[in-house]
Amino acid sequence: MHENKKVPRPALFSKLKAQLFSLLLKNKHNTEQLTLTHNTIYILPSKLGSSFLLITALNFILAVNYQNNLILVMAYLMLVVMIFSLLLGYNNVKGLTVSYKKHIASYTPSCAQLQLQLSNDKTCHSLQFIYENKLLTTIDEVTAPSQLVSLDLPLKKRGEYPLKRLKIISRYPFGLVSTWSYMQLTHSVFVYPQQLKPVQQANQHFNQSMNDGEHKNTHGSDEFDGLIPHQVGMNMKRVSWKHYAKTQQLMVKEFVTYSAQSVFFDFNQLQGNTESRLQQLSYLISNACQQGTPYGLQLEAQLFDVDEGKQHCKKCLEALSRYSNMAKD
């Protein structure tokens, strides 16, 4: 017997839903600063509100059939409450501005963060943020003029994650209506590998010196290195006035900081499976950045020259996050 091939309904429904959203929204929510107005606010009865309307309709039918004025008045009052909820729910979020501030990468298994700034001329009540059908946080009251909110994104596994559509929803005042909008950011959030301290033997194996002696930072402040001619814009506090009194020439004191010699981290020289090696590199890179030690990285075909600073650390950690091969025991 031949089995009938059926298209999975959940997958088909999700695809149709995504196409419908793209058609209706028309990229008007692709912004880093969203102001909720009549063009970006959507409002419909909630599940509770739908049940409330059903009961209202049943009361109306019952009152008409039995000519009961008391039940008819109750049906009208329930309808007025629903209309009143629609107006209050719309006015509650109208004028609210949601601005993107920054996103913060994390180390597995911690969650990456998204920081938004909420600003409004009036108080906004009962605001919820939903990401991939998961409730991130609920704010009971957004006070004027502005408020900063941090959202823990449900991203815990190592990798690079393009931000998906964020839903901003309120069910104020009675829970009978849902007033919502969307915000689509174009940024990507990174979750770095978990930090794992390598064993001492392996640490000695791949921490190879790239140059003899110590690394000299010419913008340091620890030791006096000499005098250089003064240029426009230099700090006058560093002028050597004794030298000026003797030679009538403005000279500036130059200081340096000597740091430890540079090291080089090689993925292939570490022990363990793929994920274990990435975790060890994550620890070593973060530790070298904190100590101010210049370092380089060899990650399969990728080579990062010896450098230092937060940007260099960020590039290396992002490369570890993007590494495609998963761990296999």
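Guide: In this predicted model, the cover over the buried residues of helix H7 includes strands S4, S9 and S12, helix H6 (274-291), strand S17 (295-299) and strand S18 (302-307). The buried residues of H7 are His312, Cys313, Cys316, Leu317, Glu318, Ala319, Leu320 and Ser321. H7 itself has 13 residues and spans 18 Å from its first C-alpha to its last, close to the 18 Å expected at 1.5 Å a residue.

S4, S12 and S9 form an open sheet in the order S4-S12-S9, with mixed pairing. Its edge strands are S4 (106-107) and S9 (159-162), each of which pairs on one side only. H7 (residues 310-322) packs on this sheet and touches S4, S9 and S12; the direction of H7 makes about 85° with that of S12. S9 and S12 (residues 188-192) run antiparallel and are joined by 4 bridges. Gly159 has Val191 in S12 as its bridge partner.

The other helix in the cover is H6. H6 has 18 residues and reaches 26 Å between its first and last C-alpha, close to the 26 Å expected at 1.5 Å a residue. After H6 comes Gly292, with a positive phi near 75°.

Next, the nonpolar cores. The largest has 29 residues, of which Leu114, Leu116, Leu118, Leu127 and Phe129 touch the most other members. S12 is one of the strands that each supply at least two residues of this core, along with S3 (97-104), S5 (113-119), S6 (124-131), S7 (134-142), S8 (146-152) and S10 (166-170). S6 gives the largest share, 4 residues. Not counting residues up to four places away in sequence, Leu114 touches Tyr100, Lys102, His103, Val149, Ser150, Leu151, Leu153, Leu163, Leu166 and Leu185. Apart from this core lies another, of 21 residues, among them Tyr192, Tyr295, Leu297 and Leu317.

Methods:
Residues numbered from 1 in each chain as written. Predicted model: local features only at pLDDT ≥ 70, side-chain atom pairs only at ≥ 80, totals over all residues. Heavy atoms only, no water. Pairing = 2+ DSSP bridges. Contact = heavy atoms within 4.5 Å. Axes fitted to C-alpha atoms, helices over the stretch in contact; angles between N-to-C directions. Expected span 1.5 Å × (residues − 1). Buried < 20%, exposed > 50% of the residue type's maximum accessible area, 1.4 Å probe, protein only. Core = buried A, V, L, I, M, F, W, Y, C linked by side-chain atoms within 4.5 Å.
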